Amino acid sequence: QEELVESGGGAVQAGGSLRLSCVASGRIAPSYAMAWFRQAPGKEREFVGGSNWNGGDTPYADSVKGRFIVSRDHAKNTMYLEMNILKPEDTAVYYCAASSDYDCRRYGCQTASLYQYWGKGTQVTVSS
């Protein structure tokens with residue numbers, strides 16, 4: 001059974017840092033594209049950052065560029081999101097997603113509908 005499990009969320013003050021992890025299992029291969037999305041209360045789910053199959057292409061949303069870093073450990077089939085200089089507007093549930101789409105695997109992609117597998121999410125709360 002395919003599964004994505006996120007961890008590492010929590011509460012932090014503005015300016016602080018957190019590191020999220022997402023472990024993939026089952027048919028979700030290390031060769032899949034992976035990405036982080038987030039959803040704040042009353043808002044639509046939005047792309048945060050992602051990785052093509054080998055980590056060579058890592059697109060980011062403009063709102064997190066320079067602050068967040070996506071990385072992968074293929075041996076552990078795990079993706080990470082290092083979040084620095086956190087802001088209250090970063091408060092959201094963060095979701096891990098994986099895609100077997102050919103173009104996503106090659107280049108990374110930001111469209112939620114192209115991701116077939118989703119985790120249950122982890123809450124990140126940033127206080128001012």
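Start by selecting Glu6. Beyond its neighbours within four places in sequence, Glu6 is in contact with Ser21, Cys22, Trp36, Tyr94, Tyr95, Cys96, Gly119, Lys120, Gly121 and Thr122. Keep in mind that this is a predicted model.

Now colour strand 1, residues 3-7. Glu6 sits in that strand.

Is Glu6 buried or exposed? Glu6 is buried, yet has no salt bridge.

Next, show the backbone of two of the contacts. Which backbone nitrogen atoms lie 2.9 Å from a polar atom of the Glu6 side chain? One belongs to Cys96. Another belongs to Gly121.

Move on to Asn52. Find the loop between strand 5 (46-51) and strand 6 (68-73); Asn52 is there. Asn52 is buried, with a relative accessible area of 3%.

The backbone nitrogen of Gly56 lies 2.9 Å from a polar atom of the Asn52 side chain.

How far apart are Asn52 and Arg105 in sequence and in space? They are 53 residues apart in sequence, and 4.9 Å apart from C-alpha to C-alpha.

Finish with the surroundings of Asn52. Leaving out residues up to four places away in sequence, Asn52 touches Tyr32, Ala33, Asp57, Arg72, Cys104, Arg105, Arg106, Tyr107 and Gly108. Select these together with Asn52 to see the whole set.

Terms used
Residues are numbered from 1 along each chain as its sequence is written. This is a predicted model: local features need pLDDT of at least 70, side-chain atom pairs count only at pLDDT 80 or more; totals for chains, interfaces and linings use all residues. Side-chain values use heavy atoms; hydrogens and water are left out. Helices (H or I, at least four residues) and strands (E, at least two) are DSSP runs, numbered from the N terminus. Buried means under 20% relative accessible area, exposed over 50%, partly exposed in between (1.4 Å probe, protein chains only). Lys and Arg count as positive and Asp and Glu as negative; His and the chain ends are not counted. A salt bridge is a side-chain nitrogen of Lys or Arg within 4 Å of a carboxyl oxygen of Asp or Glu. A polar contact is a pair of N or O atoms within 3.5 Å; within protein, one must be able to donate a hydrogen and the other to accept it, and residues adjacent in sequence count only if both atoms are side-chain atoms. Contact means heavy atoms within 4.5 Å.
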